[in-house]
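I set out to record what I looked up in this structure, entry by entry. The entries follow in the order in which I made them.

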Amino acid sequence: MTDRARRGDLESGREEELALLSCEQADAAVAEVDAEYRKQCVYRAEGVEPLEYFQALSSYAEAGDHLLTRLRFDPSPAGLRLWSFVFSERKRLFAARQGGLKIFAVMKDLGTMPVLTYALAKAVTFYADELWWSPCLMEDTRLLDAAEAMGCHDQCCYVRAALGAYELHSHFPEPDLSIAAVGSCCDDFSAIMQLIAGRGHKTIFWELPLRKDRAAHISREQFAKTFDGESWYQRRALDFLVRQFERVKLAVEQVAGEQIREEMLRESIRRANKVRKLVRQIRDLAYGTVPAPLAGLETMLCEFLAIHYCSDPIQCAAVLEDVLKVVRQRVELGQGVLGGGAYRTVWAMPCTDPSIVQLWEKMGGCVTGTEYLISHSRYRIRTDGAPLRALAEAVLNDPCIGTTAFRAQRVVEEVRKYQAEGVIIPSIFGASHCSYEIREISSAVHRQCGVPVLSFEVPFSSKGVSDQVMGRLQAFAELLEQRRKKAGTN
Amino acid sequence: MFKAGVDIGSRTVKVVLIEAEAKKVAAWGITDTGPIPARTATDLFVDILKEHRLNRRDVLSVTSTGYGRSSIDWTNQTVTEISCQAAGCVALYPQLRTVIDIGGQDSKVIALSEGGLVRDFALNDRCAAGTGRFLEMLASIVDVGVEELAALAGRANEPIEMNSTCAVFAESEIVGLLAQGNRAADIARGVTEAIARRTKSLAGSLSYEPKVVFTGGVAKNRAMVEALEKHFACEILVPENPQLTGALGAALLAGKAKTA
């Protein structure tokens with residue numbers, strides 16, 4: 001918690017709540033943004049026509065992401081720029097293709113492979129699996145239907161939307177190479193990538209090793225701790241990963257027709273660390289300050305930028321710097337986008353339906369800590385030693401490749417760090433890991449923190465959030481209110 | 001003056017009127033939800049007022065709860081069934097620590113702290129597994145009234161273990177079991193056991209404690225109460241009107257709770 005979170009400050013009446021904007025209001029605000037500021041919001045790459053991306057959010061809704069018309073947005077130019085940046089990725093990818101850049105799609109590893117590919121100047125990388133939330137944003141089952149037509153039903157989570165997108169070419173051009181992590185990770189990702197590869201899309205698979213539990217392991221195996229992130233791993237897993245990275249690097253170089261030299265990789269790591277630091281700073285202030293200077297969805301967008309830069313590392317850093325500036329300013333002025341009395345909750349899964357996060361905020365809650373399965377993308381990557389080995393080591397912080405107890409512990413740490421009153425797990429319908437980890441996370445949180453956990457499945461619905469989900473959230477808000485009354489904090 | 005609680009459930013609508021000061025139940029009513037829950041709730045509320053020669057002005061505050069709680073526009077606040085069930089049951093049993101509520105389409109377990117505040121809760125999944133719908137489906141297949149199921153289960157010699165608590169899959173399983181010549185009574189007991197097992201599993205994550213109260217329409221089924229007592233290994237209390245506790249809690253919370 002920051003100094004601003006101290007009760008004394010709150011009681012001094014310095015708190016000021018800023019109103020979030022409707023899509024219509026956001027469009028008006030975008031139109032009023034200074035032309036000089038707008039000129040900074042341009043995608044530039046060698047051989048590619050410069051592409052302005054800061055535009056009315058309703059235009060992205062017209063292009064298919066209908067839910068945007070019902071969401072509410074941060075009123076600052078930086079916040080609106082963030083949304084525009086995220087939703088313009090599609091245009092950047094097609095522009096990059098026209099400009100002759102190489103296009104790499106990555107699946108699952110969430111944070112390290114793009115550092116390798118962005119070492120090349122004439123390449124863009126995107127996360128095909130981030131399409132998991134597209135059906136909800138589109139309020140349309142087009143991508144899921146396309147996946148179903150290819151024999152992939154809801155036995156796989158929403159990540160199957162990527163299969164539909166590969167075939168429809170609706171969200172990204174055909175990648176020159178897809179890089180898919182399999183092995184010790186979510187089964188859905190690998191299943192989908194197998195189907196994609198089977199349909200002739202050029203794919204290289206690489207394997208994630210299991211990060212064994214050091215405490216439970218009684219062999220003579222040697223363990224070490226990651227440079228940042230506090231994860232213990234068996235040393236031979238790192239050697240194995242280095243070999244995987246060497247293999248992928250070779251494939252990337254063949255596609256790009258260019259060798260990735262060590263200094264190129266070091267520069268890419270430096271850039272990644274800069275973005276990661278910005279994300280850490282933003283989330284620490286957003287989650288640790290009362291009143292919250294940034295709403296849950298905006299902070300989530302920032303967190304996810306760390307894994308893929310939305311196909312533009314330069315603008316990604318600029319967007320995050322802008323957001324950080326606004327957040328700092330708000331903290332200084334005691335301004336928040338949510339009331340100071342909001343129920344503080346850690347979210348232990350990214351919500352497939354973003355409107356649910358805003359519904360929770362409307363009900364008086366706030367997001368104050370997350371374990372979105374991408375926490376390894378926030379940690380620093382080692383800058384000493386061999387860069388490829390540093391990347392391999394960074395993978396070993398991945399919460400998905402270890403035990404469920406490890407992930408549960410990360411949730412517990414978030415609860416403690418940000419003094420959360422509860423944990424919400426919006427499980428992803430069909431995701432293989434959700435079924436077994438909810439109970440373990442709940443039990444660890446109950447036992448170690450004594451705060452309640454709400455878990456529910458988020459089904460796709462074109463008619464908005466279901467009554468069942470609304471009822472659960474409202475009941476959770478009432479529960480947290482009762483706990484406050486009992487503790488005498490309200 | 002009075003306060004009212006309106007519980008709009010998937011199967012029935014319940015209204016309870018309490019005296020605002022004494023907090024005693026002054027009137028209550030219950031009826032099938034029907035196709036338009038809001039209209040049913042409004043009609044029931046108006047009928048109760050008429051029957052007791054009261055005006056809307058005599059009712060200081062109305063709280064609605066249940067899945068249809070937001071469907072009426074004459075309520076002062078909406079509160080979830082979790083908080084209302086807890087408030088209603090604690091009013092009846094002050095030492096209460098756990099509420100099991102099994103309604104037409106959902107089931108829930110609520111853990112309470114000393115003093116009757118909600119400590120934690122668990123709700124069933126999105127489907128109707130382990131709910132009253134499950135019993136209705138059984139009654140329809142074996143061709144008896146829902147209220148006769150307890151007596152039927154009581155005549156069981158050897159309960160049949162059900163593989164499924166999903167209302168859809170269980171239907172074909174029950175039909176299959178009957179076709180194999182199994183007795184309806186043994187199947188009824190098996191279904192009751194399956195629901196009790198599922199409810200116990202729901203409660204498992206909460207570290208529940210006795211004293212336990214069982215509410216909702218299914219609580220009227222004596223065989224269900226016995227099965228729950230066996231699985232929870234403690235006495236299960238059932239209020240005189242187990243379907244009314246949600247509406248009673250809503251009435252007690254009227255003008256009090258913070259609407260989320």
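I take helices (H or I, at least four residues) and strands (E, at least two) as DSSP runs, numbered from the N terminus.

I note that this is a predicted model, in which local features need pLDDT of at least 70 and side-chain atom pairs count only at pLDDT 80 or more, while totals for chains, interfaces and linings use all residues. Residues are numbered from 1 along each chain as its sequence is written, and chains are lettered from A and ligands numbered from 1 in the order in which they are written.

**Helix α10 of chain A.** I next checked burial, calling a residue buried if 20 or more other C-beta atoms, placed from the backbone, lie within 10 Å of its own. Helix α10(A), residues 161-168, has six buried residues out of eight. These are A:A161, A:A162, A:L163, A:G164, A:A165 and A:Y166. Their cover includes α8 (134-138), α9 (142-149) and α11 (187-198) of chain A.

**Strand β1 of chain B.** I asked why β1(B), residues 2-8, is largely enclosed by the rest of the structure. Seven of its seven residues are buried, so the strand is largely enclosed. On one side I found B:F2, B:A4, B:V6 and B:I8, and on the other B:K3, B:G5 and B:D7, all of them buried.

I then looked up its partners, where two strands pair if DSSP finds at least two bridges between them. β1(B) runs parallel to β4(B), residues 59-65, with six bridges, and B:K3 lies opposite B:S61 of that strand. With β2(B), residues 12-19, β1(B) runs antiparallel through seven bridges. B:I8 has B:V13 as its bridge partner in β2(B), and a hairpin of three residues connects β1(B) to β2(B).

**Contact between the chains.** I counted two residues as in contact if their C-beta atoms, placed from the backbone, lie within 7 Å. Chain B brings 16 residues into contact with 20 residues of chain A. On the chain B side, α2 and β8 (118-123) each give two or more residues, and β8(B) has the largest share, four residues.

**Domains of chain B.** I used bounds from an automatic or database domain assignment. It gives domain 1 as 1-93 + 244-260 and domain 2 as 94-238. Their centres, taken over C-alpha atoms, are 26 Å apart. Domain 1 of chain B puts 12 residues into the contact and domain 2 of chain B puts in 20. Helix α2(B), residues 81-92, gives the most on the domain 1 side, with six residues.

Technical notes
A residue is buried if 20 or more other C-beta atoms lie within 10 Å of its own, exposed if 12 or fewer, and partly exposed in between; C-beta atoms are placed from the backbone.
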